[in-house]
Amino acid sequence: MVRFALTVVRHGETRYNREKILQGQGVDEPLSEIGFKQAAAAGEFLSNVKFTHIFSSDLMRTKQTTARILEKSRFCKEATIKYDRRLRERKYGIAEGKPLCELRALAKAAGEQCPNFTPSGGETLDQVKLRAKNFFEFLCQLVLNEAGQKGQPTSGIKDSGLEAFQASPLGSNFGLDRNSDSVAQTLDANILVVSHGAYMRNMFTYFVVDLECTLPAGLSRSELNSVSPNTGISHFIINVEEGAKGIKSTIKCICINLHDHLAKVTGST
C-alpha cells in the first residue's frame, strides 16, 4: 500500500468571476488584482508544505495562481509544474462569455436546473466527472509506480499540509477534521493540484459518491455541494493498493474549501 496527500486549490479571482460571467474553457481571463493577492495568500498559507508533484489546469487563471503559490513556497520555488487539460473547467459551450443569469434562463427554458443543465456545446456533469476520474486514477498509478521504483513502502515525507490546516484558527468553520491521526503518518507523495470551481465540485462528488470518501464530522451536505471560493483549499489523504482486481483507493477528507487565508485580502468575496 502507498499513501499520498492531495491538496486541491481553486484559482484566484478574475474580472469575470467578480462580474458573474461564465468562463469555462473558451474564455481565458487572467487574474484580477485581487486574484493575485488571493493566490499570494494561499501561497503563504501553504509555504511550509513540501510538495513532490504539482499539477495545474493549462488555462491562464490557474497557471498564474500556481506560479504565485510557488513564489511563496519555502521548498518548491523551482519545482516543475505539469499542465494537464484534464484539470480544465467544465465547458459551457454557447453560454461561455455570458452572465450566469443567462445560463439559468436557458436551463429554465429547457425545463431543467443548474448545474444539471448542459448548454449546447457544453460538457455534461458525467463528462466532467470522467475527466476527474481519469486524472485521479492517473495520480494513483503514478504514486504506485514511483513507490515501486524506490523499492520501499513510504519515502518518509511528512504531511506538513495537514499541520498547516490544523494550525488554522478558523478551520473548524470549513469542515476541518482536527482529530485526524494522519499528521503523524508519512507519505509517498504530497501532491498540489490547481483547478476550477465546477470541476472541483464534480471531483469531490466523485470522491464521496463513487469512492466513499470519509468526511469530517462537521461537514454539511450544502458545504460539500457548494462551489469553492477563489483559492479555496481542500486536503485529502489517499491510501492506494494494487491487487488482482486492479487499483483500490480509500480517501479521507481533512477539509473542504478552506479559505480563512483570505481574511486579510481586501475585496475577497
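1. Ground rules. This is a predicted model, where local features need pLDDT of at least 70, side-chain atom pairs count only at pLDDT 80 or more, and totals for chains, interfaces and linings use all residues. Residues are numbered from 1 along each chain as its sequence is written, and side-chain values use heavy atoms, with hydrogens and water left out.

2. Helix α7. Helices (H or I, at least four residues) and strands (E, at least two) are DSSP runs, numbered from the N terminus. Helix α7 covers residues 197-210, and its 14 residues reach 20 Å from first C-alpha to last, close to the 20 Å expected at 1.5 Å a residue; the expected span is 1.5 Å times one less than the number of residues. Glu212, which follows α7, has a positive phi, near 55°.

3. How enclosed is α7? Ten of its 14 residues are buried, so the helix is largely enclosed by the rest of the structure. Buried means under 20% relative accessible area, with exposed over 50% and partly exposed in between (1.4 Å probe, protein chains only). Among the buried ones are Gly197, Met203 and Val208.

4. Aromatic pairs. Rings of Phe, Tyr and Trp (its six-membered ring) pair if their centres lie within 6.5 Å; planes under 30 degrees apart count as stacked, over 60 as edge-to-face and the rest as tilted. By this rule the count comes to nine aromatic pairs. Phe55 and Phe135 have ring centres 5.5 Å apart and planes at 85°, so that pair is edge-to-face. The pair links distant parts of the chain, with Phe55 in strand β2 (residues 53-56) and Phe135 in helix α5 (residues 125-150), 80 residues apart. Phe55 counts as buried at 2% relative accessibility, and Phe135 is buried at 0%.

5. Back to the opening pair. Phe204 and Phe207 are tilted, at 6.3 Å centre to centre and 35° between the planes. Phe204 is buried with a relative accessible area of 3%, and Phe207 with 0%.

6. Strands. Two strands pair if DSSP finds at least two bridges between them. β1 (residues 2-10) and β7 (residues 233-243) pair in the antiparallel sense over eight bridges, and Thr7 has His235 in β7 as its bridge partner. Ten bridges join β7 to β8 (residues 246-258), again antiparallel, and a hairpin joins them through two residues.
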